[in-house]
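Biologist: Hi, could you walk me through this one? I'm new to it.

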Amino acid sequence: MKSIEEQLVLHEGLRLNVYRCPAGYQTIGVGRNLDTVGLSRDEQLRVLGCSGLSPSEVITLLKIRGITKDEAMFLLGNDIEKCYADLEPFDWFQALDPVRQKVILDMRFNLGLKGLLKFKNMIAALKVKDYKEAARRMEDSLWYKQVGNRGKRLVKMMQTGFDY
């Protein structure tokens, strides 16, 4: 099975310089939103060699120097840990097989926890292990129309339980 890191790089891309994502946020690495998430003090220390910077100072420095692939993967690892921590309390998530957990992690990464939890009908289907219905509910969303191949890939993974 491919790792969640590989899957997110495929879906989000890997950019070593600051760019504006489709939603207009300043972003770097594998979808790290610098406007709303930024860098923690520890991340600032690891990536920039100092800490205690304001969000605008972080963005200015990153625009000048960019990041390395290793730094991007470090940030991605932290983002994935946050996604897992958000999903861990949910029994329906814990009950999923690893492939379907990857689908939900990917959606959490892309939508945020609040956005993911709006998929009430999909979650209801997951609770009763009706994966075809969960996939149908994924397809029947604005999100699916917006994310292109990502949505198609995740729906197929949800339906079949097989990795892409």
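**Pockets and rings**

Modeller: In the second largest pocket, helix H9 gives the largest share of the lining, four residues. Helices are DSSP runs of H or I with at least four residues, strands are E runs of at least two, both numbered from the N terminus. This is a predicted model, where local features need pLDDT of at least 70 and side-chain atom pairs count only at pLDDT 80 or more, while totals for chains, interfaces and linings use all residues. Residues are numbered from 1 along each chain as its sequence is written, and side-chain values use heavy atoms, with hydrogens and water left out.

Biologist: Which residues line the second largest pocket?

Modeller: His 11, Asn 110, Leu 111, Leu 142, Trp 143, Gln 146, Val 147 and Arg 150. A pocket here is an open set of points on a 1 Å grid over the protein atoms alone where a 1.4 Å probe fits, with protein on both sides within 12 Å along at least five of seven lines, and lining residues have an atom within 4 Å of a point.

Biologist: What volume does the second largest pocket have?

Modeller: About 200 Å³, where volume is the space filled by probe spheres set on the points, joined across faces, edges and corners.

Biologist: And how much space lies in the largest pocket?

Modeller: About 740 Å³. Of its 23 lining residues, Glu 12, Gly 31, Asn 33, Phe 109 and Asn 110 are the closest to the centre.

Biologist: Which element gives the most to the lining of the largest pocket?

Modeller: H6, with five residues.

Biologist: Switching topic: how many aromatic pairs does the structure hold?

Modeller: Two. Rings of Phe, Tyr and Trp (its six-membered ring) pair if their centres lie within 6.5 Å; planes under 30 degrees apart are stacked, over 60 edge-to-face and the rest tilted. Phe 90 and Trp 92 have ring centres 5.6 Å apart and planes at 40°, so that pair is tilted. For Phe 119 and Trp 143, the centres are 6.0 Å apart and the planes at 90°, so they are edge-to-face.

Biologist: Is Trp 143 buried or exposed?

Modeller: Trp 143 is buried, at 5% relative accessible area. Buried means under 20%, exposed over 50% and partly exposed in between, using a 1.4 Å probe and protein chains only.

Biologist: What about the charged end of Arg 100, where does it sit?

Modeller: Over the ring of Tyr 131, 3.7 Å from its centre. That label needs NZ of Lys or CZ of Arg within 6 Å of the ring centre and within 35 degrees of the ring normal.
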